[in-house]
Amino acid sequence: MSYILNIETATTNCSVSLSKEAEILVLKEDYNSNFSHAESLHLFIDDVFKEANLEPQDIDAIAVSKGPGSYTGLRIGVSAAKGLCFSLEKPLISVDTLEALAHQMQIDFGCIVPMLDARRMEVYAAVYDSQYKQIRAIQSQILDEDSFKEFLEQGKVYFIGNGVEKTKEIIRHPNAVFIENKLPSANEMGKLAYAKYKNGDIENVAYFEPFYLKDFIGTKP
């Protein structure tokens, strides 16, 4: 029996779950945290342990959403996960943020495009088939009316994530289906993290870094 603590902070949703095998036991999240993850994250971690009636030492691994996403959000989540791994002497598992987001959709045919807002007209996006096999790698791309055209001409394409709001204003193809108001969540991390845990697919805690996709550029407020 394996317990895994799952941490998701790649967007405004501060999300923490505790899973047994692939089953989510407890989920705590705040979709409207507005990147106040530093304030909420450790409170949520304490809460899931209390609600599951477990101690931190009882878990077998810690999983973290690795990106892409918000630079600050990813740093907070990964720093917390690595700190717990060091203190509890537990392995670290990384879960692809867009893959977990894709798992919020269940379809029989077509493609799933999880996408995160990367400011202006840019998004971080990947493409998955109905069995969650990645058929186009993660890219940082600027949207136009021909974006994802090769997939849209083959069948339904389901767009999900906080990049949907601006995408639906540009892509007018009849095969485009827009799933709004969805963000990555620790709820979908449990089964992905458990699969990696069973396969011994873990990270080097000392050297692991989030997958930013783009370099951070600081600007004056």
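Colleague: What share of the 221 residues in the protein is buried?
Modeller: Buried residues come to 51% of the 221. Keep in mind that this is a predicted model.

Colleague: Okay. And how many helices and strands are there?
Modeller: The secondary structure comes to 6 helices and 10 strands.

Colleague: What about the overall dimensions, how far does the C-alpha trace span along its principal axes?
Modeller: About 50 × 45 × 30 Å. The radius of gyration is 17 Å, and that agrees with a compact globule of 221 residues, which would have a value near 17 Å.

Colleague: New topic: how many salt bridges does the structure hold?
Modeller: It holds 6 salt bridges. As background, side chains of opposite charge can pair when their charged atoms come close.

Colleague: Let's take Asp117. Which residue does Asp117 form a salt bridge with?
Modeller: With Lys166, and the closest N and O atoms are 2.4 Å apart. That pair links distant parts of the chain, since Asp117 is in strand 6 (residues 111-117) and Lys166 is in helix 5 (residues 164-167), 49 residues apart.

Colleague: And is Lys166 buried or exposed?
Modeller: Lys166 is buried, because its relative accessible area is 13% and the cut-off for buried is under 20%.

Colleague: Got it. Which residue pairs with Glu209 in a salt bridge?
Modeller: Arg75 does, with the closest N and O atoms 2.7 Å apart. Here the partners are 134 residues apart: Glu209 sits in the segment after helix 6 (189-198), while Arg75 belongs to helix 2 (residues 71-88).

Colleague: How accessible is Glu209?
Modeller: Glu209 has 43% relative accessibility, so it counts as partly exposed. Arg75 is partly exposed too, with a relative accessible area of 32%.

Colleague: What does Lys28 pair with, and how far apart are the closest N and O atoms?
Modeller: Lys28 forms a salt bridge with Asp47, and those atoms are 4.0 Å apart. Asp47 lies in helix 1 (residues 37-52) and Lys28 in strand 3 (residues 23-30), so the bridge ties together parts that are 19 residues apart in sequence.

Colleague: Which residues are linked with Lys28 in a network of salt bridges?
Modeller: Asp47 and Glu51. On accessibility, Asp47 is partly exposed at 26%, and Lys28 is partly exposed at 23%.

Colleague: Switching to the surface now. Which residues form the negative patch?
Modeller: Asp144, Glu145, Asp146, Glu150 and Glu153 form that negative surface patch.

Colleague: Where is Asp146?
Modeller: Asp146 is in the loop between strand 8 (134-142) and helix 4 (149-152). Its relative accessibility is 44%, so Asp146 counts as partly exposed.

Colleague: You mentioned strand 8. I've clicked on Ile138, so where does that one belong?
Modeller: Ile138 is in strand 8 itself.

Colleague: Why does Ile138 count as buried?
Modeller: Because its relative accessibility is 16%, and buried means under 20%.

Colleague: Last one: how far is the C-alpha atom of Ile138 from that of Leu213?
Modeller: The two C-alpha atoms are separated by 8.5 Å, although Ile138 and Leu213 are 75 residues apart along the chain.

Colleague: Great, I'll go and find those in the viewer. Thanks!

Terms used: Residues numbered from 1 in each chain as written. Predicted model: local features only at pLDDT ≥ 70, side-chain atom pairs only at ≥ 80, totals over all residues. Heavy atoms only, no water. Patch = residues over 30% accessible without salt bridge, like charges linked within 9 Å, V, L, I, M, F, W, Y side chains within 5 Å. Areas by Shrake-Rupley, 256 points an atom, 1.4 Å probe, with all protein chains shown as cover. Salt bridge = Lys/Arg side-chain N within 4 Å of Asp/Glu carboxyl O. Lys, Arg positive; Asp, Glu negative; His and termini not counted. Charge placed at Lys NZ, Arg CZ, Asp CG, Glu CD. Helix = DSSP H or I, 4+ residues; strand = E, 2+ residues; numbered from the N terminus. Buried < 20%, exposed > 50% of the residue type's maximum accessible area, 1.4 Å probe, protein only. Rg over C-alpha atoms; globule rule 2.2 N^0.38 Å.
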